[in-house]
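Student: Could we go through this one together, starting with a charged side chain and then moving on to the strands and the backbone? I'd like to look at it while we talk.

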Amino acid sequence: MQPRTPLVVCVLLSQVLLLTSAEDLDCTPGFQQKVFHINQPAEFIEDQSILNLTFSDCKGNNKLRYEVSNPYFKVNSDGGLVALRNITAVGRTLFIHARTPHAEDMAELVIVGGKDIQGSLQDIFKFARTSPVPRQKRSIVVSPILIPENQRQPFPRDVGKVVDSDRPEGSKFRLTGKGVDQEPKGIFRINENTGSVSVTRSLDREMIATYQLFVETTDVNGKTLEGPVPLEVIVIDQNDNRPIFREGPYVGHVMEGSPTGTTVMRMTAIDADDPATDNALLRYNIRQQTPDKPSPNMFYIDPEKGDIVTVVSPALLDRETLENPKYELIIEAQDMAGLDVGLTGTATATIVIDDKNDHSPKFTKKEFQATVEEGAVGVIVNLTVEDKDDPTTGAWRAAYTIINGNPGQSFEIHTNPQTNEGMLSVVKPLDYEISAFHTLLIKVENEDPLVPDVSYGPSSTATVHITVLDVNEGPVFYPDPMMVTRRENISVGSVLLTVNATDPDSLQHQTIRYSVYKDPAGWLNINPINGTVDTTAVLDRESPFVHNSVYTALFLAIDSGDPPATGTGTLLITLEDVNDNAPFIYPTVAEVCDDAKNLSFVILGASDKDLHPNTDPFKFEIHKQTVPDKVWKISKINNTHALVSLLQNLNKANYNLPIMVTDSGKPPMTNVTDLRVQVCSCRNSKVDCNAAGALHASVPALLLLCLFSLACKLA
């Protein structure tokens with residue numbers, strides 16, 4: 001095989017370059033001159049020729065069409081570039097696209113001194129300033145293919161051609177890559193005989209901007225002869241996406257009185273089109289402002305950055321004078337650098353004029369009046385204020401302070417959170433007899449501090465005059481409670497004390513009468529005139545109405561007012577103990593077996609309702625016996641218990657043993673109680689007391705009960 005000529009890849013700005021034979025290399029399809037430079041004129045004049053373009057497809061330019069990147073320009077059929085209207089700024093570059101069924105190419109017009117309002121397309125189109133086709137012999141010739149997105153039917157349509165100048169007879173072209181045999185499959189295909197590349201459907205640049213394909217030639221068996229050679233397909237952007245605001249809702253705040261030019265917020269939109277073209281070059285403007293007072297142009301938006309700033313004087317930005325402290329702006333973003341042909345998107349910006357504390361609270365009047373009955377507590381008057389600031393902020397909320405006239409701290413003032421009023425209250429009951437009038441000086445401030453150029457004036461203080469109304473108050477016992485100490489069992493009619501009650505209404509001359517209010521045991525009487533308390537019954541310290549030796553009674557003192565007022569006094573009588581209760585024994589029943597070996601059968605305990613020293617130590621004795629002597633015996637265990645024993649076994653029967661117990665009082669008191677002893681038959685662990693009575697408790701259990709009682713007493 002003869003060595004093949006090297007593969008040549010030419011990068012052109014043309015969308016399609018068709019070469020049908022090696023001889024066609026002498027004609028280069030496209031613009032003869034691809035780059036032009038002109039100076040920025042003061043204005044492009046309508047229909048005035050700007051420059052002449054020369055394009056050839058080497059096939060006669062049949063069905064030649066031109067497209068200009070700026071919609072306000074066109075190319076006439078003779079190649080002359082003209083403006084469609086008078087226009088000043090068009091940017092720094094214009095691109096002219098020429099197309100025939102056989103070839104396409106792009107020319108660039110550089111405007112020296114023009115404003116930069118669009119991105120360069122050079123990176124996308126891989127603009128080459130050299131001749132697109134080198135004048136040399138070569139094998140496979142591949143040029144980048146440029147296809148506008150969103151093309152319409154018919155499909156498939158030819159978009160380019162691959163030429164192999166030294167292709168053996170019978171060889172074929174093969175196309176591979178993403179968009180051919182890789183997903184998304186079937187978008188591109190190649191005529192294996194002619195090398196013509198076609199697209200089968202409309203393309204979307206926002207989905208895939210470029211396709212990297214590979215071309216190679218193969219023999220009849222599919223073996224690669226040359227390649228693969230890269231073939232790049234570039235999707236040309238069309239302005240098919242509107243700007244979108246995605247970050248809403250947009251809410252900004254600006255303090256009232258802010259200087260002109262204060263930045264409030266930033267609004268930014270996005271455009272899915274090619275950011276290197278005017279298709280995604282956005283400009284912002286305010287379409288509508290609501291409300292439009294006091295100025296229809298309260299705000300300005302930077303057309304490039306989207307920053308919203310204030311444009312009115314600080315005096316107009318006064319929240320208290322605005323109809324509504326909230327503005328809604330319809331913000332429009334337009335691509336194509338804001339030209340009329342650009343697509344638009346809108347969003348709403350809400351701007352809130354925030355309040356600052358530039359108004360001090362003022363009382364609605366200088367003096368307030370209030371009346372209150374002596375002895376009463378609670379709110380007596382609401383103090384009203386006015387404040388022009390925002391009711392939802394600390395610049396409006398009031399804080400009240402009593403600055404004079406409250407030495408006894410009888411008054412307090414709190415803010416009503418709903419009305420902002422000052423609620424003045426009496427917290428310590430007032431006494432008409434001490435002072436019938438009170439005068440308070442009260443100031444009001446805001447929770448938030450005032451701005452530096454505003455201060456609290458005379459209207460921020462007010463005077464409150466309070467009149468105390470006289471009320472018939474009940475008499476007061478002194479002391480209360482009243483306390484006396486007496487021995488119990490004193491004689492009936494004994495005088496305990498004389499109570500004393502006074503009327504607080506010192507300016508009223510009233511008499512006082514006394515009566516018994518509560519006397520649980522019915523032991524007392526009171527003289528209604530002089531208040532002398534005496535006994536009507538014997539006082540008993542051991543009574544259930546006495547608690548911890550103290551008896552409690554209540555008395556009333558009633559004045560002669562209309563209506564009369566009543567006061568209550570408490571009498572506490574401490575009763576001293578007297579030895580007036582004889583001791584008693586427990587238990588009073590015992591059991592013992594007739595053949596018991598342990599003849600100690602019961603432990604007796606004694607108790608006394610009196611207090612020491614009128615109780616233990618107790619003296620235990622057998623008072624008299626109805627059986628022969630030497631049968632019973634009683635022995636002292638301690639001050640409160642004794643042990644009863646048999647000196648011999650007895651027959652099964654019931655016996656009554658008189659036990660005499662004496663306390664230690666002076667004089668002592670004695671009590672005689674019969675101890676019932678049941679002598680039972682005890683056989684085979686069974687106790688039979690039938691003949692002796694109906695008692696069934698065992699002797700050991702009875703002893704255990706007595707020992708438990710003894711232990712409790714000792715504890």
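Student: Is Glu 256 buried or exposed, and which side chain of opposite charge is nearest?
Tutor: In this predicted model, Glu 256 is buried and yet has no salt bridge, the nearest side chain of opposite charge being that of Arg 319, 4.7 Å away.

Student: What does the side chain of Glu 256 reach, then?
Tutor: It reaches the backbone nitrogen of Arg 319, at 2.9 Å.

Student: And where does Glu 256 sit, and which residues is it in contact with?
Tutor: Glu 256 is in the loop that runs between strand S20 (250-255) and strand S21 (263-266). Setting aside neighbours within four places in sequence, its contacts include Leu 317, Asp 318, Arg 319 and Glu 320, and also Ile 353, Asp 354, Asp 355, Lys 356 and Asp 358.

Student: What about Ala 315, is that buried or exposed?
Tutor: Ala 315 counts as exposed because its relative accessibility is 62%, and it belongs to the loop between strand S24 (307-310) and strand S25 (326-334). Although Ala 315 and Glu 256 are 59 residues apart along the chain, their C-alpha atoms are separated by 8.7 Å.

Student: Switching to the sheet, in what order do the strands come?
Tutor: The order is S20-S26-S25-S22, four strands in an open sheet with mixed pairing. S20 and strand S22 (283-290) are the edge strands, each pairing on one side only. On average, and ignoring direction, neighbouring strands of this sheet are turned by 30 degrees against each other.

Student: How many bridges join S25 and S26, and in which sense do they pair?
Tutor: Nine bridges, in the antiparallel sense, with strand S26 covering residues 344-354. Ile 330 stands opposite Thr 348 in S26.

Student: What is the phi of Asn 61?
Tutor: Phi of Asn 61 is near 55 degrees, which is positive in a residue other than glycine. Asn 61 lies in the loop between strand S5 (55-56) and strand S6 (65-68), and it counts as partly exposed because its relative accessibility is 23%.

Note on methods. Residues are numbered from 1 along each chain as its sequence is written. This is a predicted model: local features need pLDDT of at least 70, side-chain atom pairs count only at pLDDT 80 or more; totals for chains, interfaces and linings use all residues. Side-chain values use heavy atoms; hydrogens and water are left out. Helices (H or I, at least four residues) and strands (E, at least two) are DSSP runs, numbered from the N terminus. Buried means under 20% relative accessible area, exposed over 50%, partly exposed in between (1.4 Å probe, protein chains only). Lys and Arg count as positive and Asp and Glu as negative; His and the chain ends are not counted. A salt bridge is a side-chain nitrogen of Lys or Arg within 4 Å of a carboxyl oxygen of Asp or Glu. A polar contact is a pair of N or O atoms within 3.5 Å; within protein, one must be able to donate a hydrogen and the other to accept it, and residues adjacent in sequence count only if both atoms are side-chain atoms. Contact means heavy atoms within 4.5 Å. Two strands pair if DSSP finds at least two bridges between them. Axes are lines fitted to C-alpha atoms, for helices over the stretch in contact, and angles run from 0 to 180 degrees between N-to-C directions.
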